[in-house]
Amino acid sequence: MVFYCERAAGFSNDVGLQDEGYFDALVRMFEQALKTIASLANVQRQSLWARLDTVRRTCHNFGYGVGDDMDDLLAEYEADD
């Protein structure tokens with residue numbers, strides 16, 4: 001799921017894709033990845049959180065509130081950590 005988010009964000013960033021449905025799917029997958037990562041042992045979590053944080057930063061370039069939605073989700077799941 002993290003890899004999917006990385007590839008989807010990278011593709012959109014590289015080609016300048018601006019599609020709301022695509023972004024909605026990306027945010028949903030981002031949340032699914034966060035849910036899964038939250039269930040892992042702390043030692044496994046850190047590198048995956050860092051990778052998703054990179055995705056989140058990339059997504060701030062897209063508009064449509066994608067990066068803001070990811071900010072909220074990441075804060076929510078890190079607080080539960």
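Buried means under 20% relative accessible area, exposed means over 50%, and partly exposed is anything in between. Keep that handy for the exercises below, and remember that you're looking at a predicted model.

**Exercise 1. Work out which salt bridges join D53, R56, R57 and D71 into a network.**

*Solution.* 
Step 1: Recall the idea behind it: side chains of opposite charge can pair when their charged atoms come close.
Step 2: Look at D53 and R56. Their side chains form a salt bridge, with 2.7 Å from N to O. These two sit three residues apart in helix 3, so about one helical turn separates D53 from R56.
Step 3: Stay with D53 and check R57. This pair makes a salt bridge too, and the closest N and O atoms are 3.4 Å apart. D53 and R57 are both in helix 3, four residues apart, or about one turn of the helix.
Step 4: Go back to R56 and find D71. Their side chains meet in a salt bridge at 2.7 Å, N to O. This pair links distant parts of the chain, as D71 is in helix 4 and R56 is in helix 3, 15 residues apart.
Step 5: Through shared partners, the salt bridges tie D53, R56, R57 and D71 into one network. A search of the whole structure turns up four salt bridges.

**Exercise 2. Find the residues of the negative surface patch, and say which helix gives the largest share.**

*Solution.* 
Step 1: List the members: D19, E20, D24, D68, D69, D72, E76 and D80 form the patch.
Step 2: Ask which elements give two or more residues. They are helix 2 (20–38) and helix 4 (66–80).
Step 3: Pick the bigger contributor. Helix 4 supplies the largest share, five residues.
Step 4: Zoom in on one member, D69, which is found in helix 4. D69 has 37% relative accessibility, so it counts as partly exposed.

**Exercise 3. Describe where E6 sits, whether it is buried or exposed, and what it touches.**

*Solution.* 
Step 1: Locate E6 in helix 1, which covers residues 2–15.
Step 2: Check the relative accessible area of E6. It is 18%, so E6 is buried.
Step 3: Look for contacts, leaving out residues up to four places away in sequence. E6 touches R51 and V55.

**Exercise 4. Say what stands out about the phi angle of Y64.**

*Solution.* 
Step 1: Compare. Y64 is not a glycine, yet its phi is positive, about 60°.

How values were computed
Residues numbered from 1 in each chain as written. Predicted model: local features only at pLDDT ≥ 70, side-chain atom pairs only at ≥ 80, totals over all residues. Heavy atoms only, no water. Patch = residues over 30% accessible without salt bridge, like charges linked within 9 Å, V, L, I, M, F, W, Y side chains within 5 Å. Areas by Shrake-Rupley, 256 points an atom, 1.4 Å probe, with all protein chains shown as cover. Lys, Arg positive; Asp, Glu negative; His and termini not counted. Charge placed at Lys NZ, Arg CZ, Asp CG, Glu CD. Buried < 20%, exposed > 50% of the residue type's maximum accessible area, 1.4 Å probe, protein only. Contact = heavy atoms within 4.5 Å.
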